[in-house]
Amino acid sequence: MSRGRGTGHRLDVREEVLAEGVAHEGAHVDETREGGARIRSLGLGPVRLTAGDVLPGGRDSLRVPVPNGGPDEYRLAWMTDASGPGAPSGAEAPPRSTLVLSGPVHPTAAPPTEAEGQVRAAVLHIPRASLPLRPDHVELLLARPISTGSGSAAVLAAFLATLREHGAECRPEEQSRMGAIALDLATACLAEQLRVLETGTDESRTQTLLRRVHGFIAQNLADPDLTPRTIARRHHMSLRTLYGLFSRQPASVATVIRRGRLERCHADLARPDLRHLSVQVIASRWGFTNPSTFSRAFREAYGISPTEHRATTSASAPPGRSAA
């Protein structure tokens with residue numbers, strides 16, 4: 001039993017490399033870090049399994065080891081508190097276990113989960129090309145905790161728990177077959193989760209994806225390469241799908257990007273602490289690479305030029321707050 005602080009700990013999934021030496025399938029890598037993490041990686045034909053144990057010990061959160069995957073890989077993590085009541089026994093899916101899907105674009109953090117002692121984890125690394133589900137649909141499942149209390153999720157959790165403990169004992173050809181079974185079970189589980197989502201309205205699913213896209217735009221406004229095509233690619237959808245997503249919105253995706261950038265520029269031009277920066281420097285900080293395009297867009301949005309806006313705000317600044 002750990003000397004941890006009981007239920008005050010949290011269970012998080014992070015893209016934290018605790019075993020950088022994992023370089024080939026079938027390798028077993030042990031590495032001890034703060035909290036006592038032990039990592040094992042097992043090649044299973046079409047998929048790969050990474051298993052780890054974490055002992056809480058004075059940290060505010062427990063980090064389950066999830067080695068970096070490639071840009072075309074999903075990671076389906078199974079986690080359980082192994083020291084609490086109902087710890088794993090045989091092939092039973094342990095109580096209080098959770099499945100969480102992450103992908104190459106959105107590193108996933110699991111919601112807080114009580115952990116009284118050792119946390120067991122098994123991460124199934126699935127190539128995107130091997131998962132027979134539409135990427136734009138799978139996107140809706142990222143970061144959503146999946147309960148393993150019943151149905152296909154319970155079957156998958158039980159299989160991963162057993163595979164984690166006994167997979168290394170199998171011959172290579174058996175491991176390949178086990179990997180195919182794991183992939184089939186994961187596909188069935190995720191397909192069922194999509195079916196559950198589809199029982200809601202199309203509008204709720206659209207709003208979920210819209211929130212993801214708006215969040216992505218807000219976080220990347222400073223990137224001059226932020227375009228509708230970039231957004232579509234990063235969210236594994238076609239341009240047509242992205243445009244359709246915004247078809248009933250007040251503004252197109254391109255307008256949302258431009259408006260967000262202009263709002264940032266408008267605010268920065270009024271800041272006394274940024275008066276030493278030229279108008280164009282501020283514009284370029286928010287993705288505007290062409291001065292003429294920026295000036296024209298700013299005037300259309302606010303009725304005055306960027307320079308006039310800065311002068312107006314400078315004149316109205318309280319004493320002592322104006323530029324030096």
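The questions and answers below go through some strands, helices, rings and loops of this predicted model.

The model is predicted, and local features need pLDDT of at least 70, side-chain atom pairs count only at pLDDT 80 or more, and totals for chains, interfaces and linings use all residues. Residues are numbered from 1 along each chain as its sequence is written, and side-chain values use heavy atoms, with hydrogens and water left out.

Q: What makes residues 98-102 a strand, and why is strand β6 described as largely enclosed?
A: Strands are DSSP runs of E with at least two residues, helices are runs of H or I with at least four, and both are numbered from the N terminus. A residue is buried under 20% relative accessible area, exposed over 50%, and partly exposed in between (1.4 Å probe, protein chains only). Five of the five residues of β6 are buried, so the strand is largely enclosed by the rest of the structure.

Q: How do you know which residues cover the two faces of β6?
A: In a regular strand the side chains alternate between the two faces of the sheet. On one side of β6 are Thr98, Val100 and Ser102, on the other are Leu99 and Leu101, and all of these are buried.

Q: What makes β5 and β6 a pair of strands?
A: Two strands pair if DSSP finds at least two bridges between them. Five bridges join β5 (residues 73-81) to β6, and the two run antiparallel. Across this pairing, Trp78 stands opposite Leu99, and Leu76 stands opposite Leu101.

Q: Why is β5 called mostly covered?
A: Nine of its nine residues are buried. One side of β5 holds Glu73, Arg75, Ala77, Met79 and Asp81, and the other holds Tyr74, Leu76, Trp78 and Thr80.

Q: How do you know that the length of helix α9 agrees with its number of residues?
A: The expected span of a helix is 1.5 Å times one less than its number of residues. For the twelve residues of α9 (residues 291-302) this gives 16 Å, and the end C-alpha atoms are 16 Å apart, so the two agree.

Q: Which residues of α9 are buried, and why are they said to be on the same side?
A: The buried residues are Phe294, Ala297 and Phe298. They cover an arc of only 100° around the axis, which puts them on the same side of α9. The arc is that of the directions from the helix axis to the C-beta atoms.

Q: What is found at the start of α9 and just after it?
A: At the start, a side-chain oxygen of Asn290 reaches to within 3.0 Å of the backbone nitrogen of Ser292. Just after α9, Gly303 has a positive phi of about 80°.

Q: How many aromatic pairs are there, and why is the pair of Phe288 and Phe294 called tilted?
A: The structure holds three aromatic pairs. The ring centres of Phe288 and Phe294 are 5.0 Å apart and their planes are at 50°, so this pair is tilted. Rings of Phe, Tyr and Trp (its six-membered ring) pair if their centres lie within 6.5 Å; planes under 30 degrees apart count as stacked, over 60 as edge-to-face and the rest as tilted.

Q: What makes Arg264 a charge over the ring of Trp286?
A: A charge sits over a ring if NZ of Lys or CZ of Arg is within 6 Å of the ring centre and within 35 degrees of the ring normal. Arg264 lies over the face of Trp286, at 5.8 Å from the ring centre.

Q: Why is Ala143 called partly exposed but His236 buried?
A: Ala143 is at 39% relative accessibility, so it counts as partly exposed. His236 is at 17%, so it counts as buried.

Q: What is said of phi in Ala143 and His236?
A: Most residues other than glycine have a negative phi. Ala143, in the loop between α1 (135-138) and β8, has a positive phi of about 70° although it is not a glycine. His236, in the loop between α5 (228-234) and α6 (239-245), has a positive phi near 55°.

Terms used: A polar contact is a pair of N or O atoms within 3.5 Å; within protein, one must be able to donate a hydrogen and the other to accept it, and residues adjacent in sequence count only if both atoms are side-chain atoms.
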